[in-house]
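Visitor: I have a model open in my viewer and would like to learn how to read it. Could you walk me through it, one feature at a time?

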Amino acid sequence: EVQLVESGGGLVQPGGSLRLSCAASGFTFSQNHMTWVRQAPGKGLEWVSAINGGGSATYYADSVKGRFTISRDNAKSTLYLEMNNLKPEDTGLYYCARANQRTLVAWMGDRWGQGTRVTVSS
């Protein structure tokens, strides 16, 4: 039922920018907190950012604060992650997911998308 399709990744040089998108369906998008998580090569999932249903509250991992901006367009049921001043350590697969309202942790029971790959390299 839940469908999440990430897009927008690519290969960029350090200092570059990308904007990721997540097209959502199968649930009431505007009533759900959403999150971005990533998986670096050979590592586990890392929480990156979250946003409340209305888009008025945003949260960021210290590693991306000041460089990434999470946003959403509820009319389009789409979540975004604008990434600026990218660093090699930002490399990985980026996934979007519904987030727990209190903990901001992703809902692992949902069917996730394939993610979108971000590679930051010279």
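**Reading the fold, step by step**

Guide: Read along the sequence, the protein chain follows the pattern β-β-β-β-β-β-β-β-β-β. That comes to zero helices and 10 strands. Please keep in mind that this is a predicted model.

Visitor: What does the radius of gyration of the protein chain agree with?

Guide: The idea is to compare the value with what a compact globule of that length would have. With 122 residues, such a globule would have a radius of gyration near 14 Å, and the protein chain has 13 Å, which agrees. The C-alpha atoms fill a box of roughly 40 × 25 × 25 Å along the principal axes.

Visitor: What share of the residues in the protein chain is buried?

Guide: Burial is read from relative accessible area, and a residue under 20% counts as buried. Here, buried residues make up 48% of the 122 residues. The accessible surface comes to about 6300 Å², and 45% of that surface belongs to carbon and sulfur atoms. Among contacts between residues at least 6 apart, 56% join residues at least 24 apart.

Visitor: Which strands are joined to E9 by bridges?

Guide: Strand pairing is read from the bridges and from the direction of the two strands. Seven bridges join E4, residues 33-39, to E9, and these two run antiparallel. One place to look is Trp36, whose bridge partner in E9 is Cys96. E9 is also joined to E10, by three bridges and again in the antiparallel sense. On that side, Gly92 stands opposite Val118 in E10, and Leu93 stands opposite Arg117.

Visitor: In what sense do E2 and E10 pair?

Guide: E2, residues 10-12, pairs with E10 in the parallel sense, over three bridges. Find Gly10 and you will see that it stands opposite Val118 in E10.

Visitor: Which residues of E10 are on the covered face, and which on the uncovered one?

Guide: For this, sort the residues of a strand by the face they belong to. In E10, Thr116, Val118 and Val120 make up the covered face, while Arg117 and Thr119 make up the uncovered one.

Visitor: How many aromatic pairs does the structure hold?

Guide: To read such a pair, look at the distance between ring centres and the angle between ring planes. The structure holds two of them. In one, the rings of Phe27 and Phe29 have their centres 6.2 Å apart and their planes at 50°, so the pair is tilted. Both of these phenylalanines are buried. The other pair, Tyr95 and Trp112, is tilted too, at 5.6 Å centre to centre and 45° between the planes. Tyr95 lies in strand E9 and Trp112 in the loop between E9 and E10, so this pair ties together parts that are 17 residues apart in sequence. Tyr95 is buried at 11% relative accessibility, and Trp112 is buried at 18%.

Visitor: Which charged ends sit over the rings of Phe29 and Phe27?

Guide: Here you look for a charged end placed over the ring. The charged end of Arg72 sits over the ring of Phe29, 4.3 Å from its centre. Over the ring of Phe27 sits the charged end of Arg98, 4.8 Å from the centre.

Visitor: Where is Asp110 found, and what is it in contact with?

Guide: Asp110 is found in the loop between E9 and E10. Leaving aside neighbours within four places in sequence, Asp110 is in contact with Val2 and Arg98. Asp110 is buried, with a relative accessible area of 14%.

Terms used:
Residues are numbered from 1 along each chain as its sequence is written. This is a predicted model: local features need pLDDT of at least 70, side-chain atom pairs count only at pLDDT 80 or more; totals for chains, interfaces and linings use all residues. Side-chain values use heavy atoms; hydrogens and water are left out. Helices (H or I, at least four residues) and strands (E, at least two) are DSSP runs, numbered from the N terminus. Buried means under 20% relative accessible area, exposed over 50%, partly exposed in between (1.4 Å probe, protein chains only). Contact means heavy atoms within 4.5 Å. Rings of Phe, Tyr and Trp (its six-membered ring) pair if their centres lie within 6.5 Å; planes under 30 degrees apart count as stacked, over 60 as edge-to-face and the rest as tilted. A charge sits over a ring if NZ of Lys or CZ of Arg is within 6 Å of the ring centre and within 35 degrees of the ring normal. Two strands pair if DSSP finds at least two bridges between them. The radius of gyration is taken over C-alpha atoms; the globule rule is 2.2 Å times the number of residues to the power 0.38. Accessible areas come from the Shrake-Rupley method with a 1.4 Å probe; for residues, only the protein chains shown count as cover.
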